[in-house]
Amino acid sequence: QFEVADLVWHRKAAEALTAFRGLADRNGVGNACVTVVAALSYSLRSLARYVSEQPSGSQWQVASALGVPPWKVDTLASQSRLWRPGQLAAAAVTLADADADAKGGLGDAGALDPEQKIYAVERLIVTLANGADQPS
């Protein structure tokens, strides 16, 4: 699931979709949808903190300040060059809306079926990775 999240925040939609579909095949649609949305949320929080705080210091110091493992600092630095704070805020709203769909859906018809869930998460992956509907 974190592989999918890293690909999304690196704006690699096709690769993220491929990784998500493989995860869904291995772990089942319901598990894959919920865990990928959770991983996207966790990774977005880390990325947003990195972008907003612009930490400096050693890799260990930055990791400690952000609450991430040291190896994640290079990933965040790379991803941060692709996103602006307003885009990350819009992504958070998009992600919150998709969270309900991944966990069952809150529409008038009740819970989403597995195909609707997978479509909702695939749409989320593409929307986020392509930066669609996100202000600069």
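How many helices and how many strands does the chain have? The count is seven helices and zero strands, with helices (H or I, at least four residues) and strands (E, at least two) taken as DSSP runs and numbered from the N terminus. Read along the sequence, that gives α-α-α-α-α-α-α. The model is a predicted one, so to speak with two cut-offs: local features need pLDDT of at least 70 and side-chain atom pairs count only at pLDDT 80 or more, while totals for chains, interfaces and linings use all residues. Residues are numbered from 1 along each chain as its sequence is written, and side-chain values use heavy atoms, with hydrogens and water left out.

Some totals for the chain come next. Of its 136 residues, 44% are buried; here buried means under 20% relative accessible area, exposed means over 50%, and partly exposed is in between (1.4 Å probe, protein chains only).

On to the charged side chains. A search of the whole structure turns up three salt bridges, each being a side-chain nitrogen of Lys or Arg within 4 Å of a carboxyl oxygen of Asp or Glu. One of them pairs Asp6 with Lys72 at 2.6 Å, N to O. This pair links distant parts of the chain, as Asp6 sits in helix α1 (residues 2-9) and Lys72 in helix α5 (residues 72-80), 66 residues apart. Both ends are tucked away by the burial cut-off: Asp6 is buried at 18% relative accessible area, and Lys72 is buried at 6%.

Arg21 and Glu122 make another salt bridge, at 2.8 Å from N to O. Again distant parts of the chain are linked, with Arg21 in helix α2 (residues 13-27) and Glu122 in helix α7 (residues 114-130), 101 residues apart. Arg21 is partly exposed at 42%, whereas Glu122 counts as buried at 17% relative accessibility.

The bridge between Glu53 and Arg49 spans 3.2 Å, N to O. Glu53 is partly exposed, with a relative accessible area of 40%, and so is Arg49, at 34%.

That leaves the aromatic rings. There are two aromatic pairs, where rings of Phe, Tyr and Trp (its six-membered ring) pair if their centres lie within 6.5 Å, and planes under 30 degrees apart count as stacked, over 60 as edge-to-face and the rest as tilted. Phe2 and Tyr42 are edge-to-face, 5.8 Å centre to centre with 85° between the planes. Phe2 is in helix α1 and Tyr42 in helix α3, 40 residues apart. Both are partly exposed, Phe2 at 40% and Tyr42 at 35%.

Trp9 and Trp83 also pair edge-to-face, at 5.2 Å centre to centre and 70° between the planes. Both Trp9 and Trp83 are buried. Trp83 has a charged neighbour too: Arg11 lies over its face, 3.8 Å from the ring centre, under a rule that asks for NZ of Lys or CZ of Arg within 6 Å of the ring centre and within 35 degrees of the ring normal.
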